[in-house]
Amino acid sequence: MEVARIVAATDWLSDARFAGGIAAGLIVLLLLLSLARSRRQRVHAPRANIREQLSREREQRELHQDIEEVVKHLEQVARQVNTQLDARFERLDDVLRQADERVARLERLVRRADGQPTLDVTVDDNVAPPRESLPASQIRQRRVYELADAGRPPVEIAQELGQTTGEIELILALRRKAS
């Protein structure tokens, strides 16, 4: 009897309808598991993509802010450099103006000195009596006359004395008129 009970108990397994139902149930269970898994992947994948996208956007905003700060800093440095350059140009202009004033003052002094007699004094055992010297312009004129009398052309005289040819020609022309 025991065998008959076991056979009767396993008899239901041989029933085709029951086996088909179990197979269909297993297939449905597998489909549901597969569907749940794909939903989880779809739900998590967009979340991961959204997180990555948000992270990239945050990094881009931070980078943009950093670039704006650098640009502001560079603008500030450029303003400071411009200010320093302006100050230096002003100082340079002042120095040039002072130099021009000094040159003009020296030229006035030289013009005055040309018209005034000066004394030549030598310190030596042989003391020479003081004599009146000629103004620098007259000394130059005499040197021009000497070189011209020696037969040198005005161009060579100008080169030797460091003057322009026009000045030499003018000096020589005035000499001819005075003669």
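This report describes the fold, surface charge and salt bridges of a predicted model.

## Overall make-up

The chain holds five helices and two strands. Read from the N terminus, its elements follow the order α-α-β-β-α-α-α. Of the 179 residues in the chain, 6% are buried. The accessible surface is about 15,800 Å², and carbon and sulfur atoms account for 57% of this area.

Contacts between residues at least 6 apart in sequence include a share of 21% that join residues at least 24 apart.

## Charge along helix H2

Helix H2 spans residues 16-115 and includes Asp 66. Asp 66 belongs to a negative surface patch together with Glu 59, Glu 62, Glu 68 and Glu 69. The relative accessibility of Asp 66 is 43%, so this residue counts as partly exposed.

A patch of positive charge is also found on the surface, made up of Arg 102, Arg 105, Arg 108, Arg 111 and Arg 112. Arg 111 is part of helix H2. With a relative accessible area of 56%, Arg 111 is exposed, because the cut-off for that class is over 50%.

Helix H2 also contains Arg 97 and Asp 94, which are three residues apart, about one turn of the helix. These two residues form a salt bridge, with 2.3 Å between the closest N and O atoms. Arg 97 is partly exposed at a relative accessible area of 45%, and Asp 94 is partly exposed at 32%.

## Salt-bridge network

The salt bridges counted in the model number seven. A network of salt bridges links Arg 143, Glu 146, Arg 152, Glu 156 and Glu 160.

Within helix H3 (residues 136-149), Glu 146 and Arg 143 lie three residues apart, about one turn of the helix. Their side chains meet in a salt bridge with an N to O distance of 3.4 Å. Both partners are partly exposed: Glu 146 has a relative accessibility of 48%, and Arg 143 has one of 34%.

Arg 152 and Glu 160 form another salt bridge, at 2.8 Å from N to O. Arg 152 is partly exposed, with a relative accessible area of 28%; the value for Glu 160, likewise partly exposed, is 38%.

## A buried loop residue

Gln 163 sits in the loop between helix H4 (154-161) and helix H5 (165-178). Its relative accessible area is 15%, so Gln 163 is buried, the limit being under 20%. Apart from neighbours within four places in sequence, Gln 163 is in contact with Arg 140, Val 144, Ala 158 and Ile 168.

Notes: Residues numbered from 1 in each chain as written. Predicted model: local features only at pLDDT ≥ 70, side-chain atom pairs only at ≥ 80, totals over all residues. Heavy atoms only, no water. Patch = residues over 30% accessible without salt bridge, like charges linked within 9 Å, V, L, I, M, F, W, Y side chains within 5 Å. Areas by Shrake-Rupley, 256 points an atom, 1.4 Å probe, with all protein chains shown as cover. Salt bridge = Lys/Arg side-chain N within 4 Å of Asp/Glu carboxyl O. Lys, Arg positive; Asp, Glu negative; His and termini not counted. Charge placed at Lys NZ, Arg CZ, Asp CG, Glu CD. Helix = DSSP H or I, 4+ residues; strand = E, 2+ residues; numbered from the N terminus. Buried < 20%, exposed > 50% of the residue type's maximum accessible area, 1.4 Å probe, protein only. Contact = heavy atoms within 4.5 Å.
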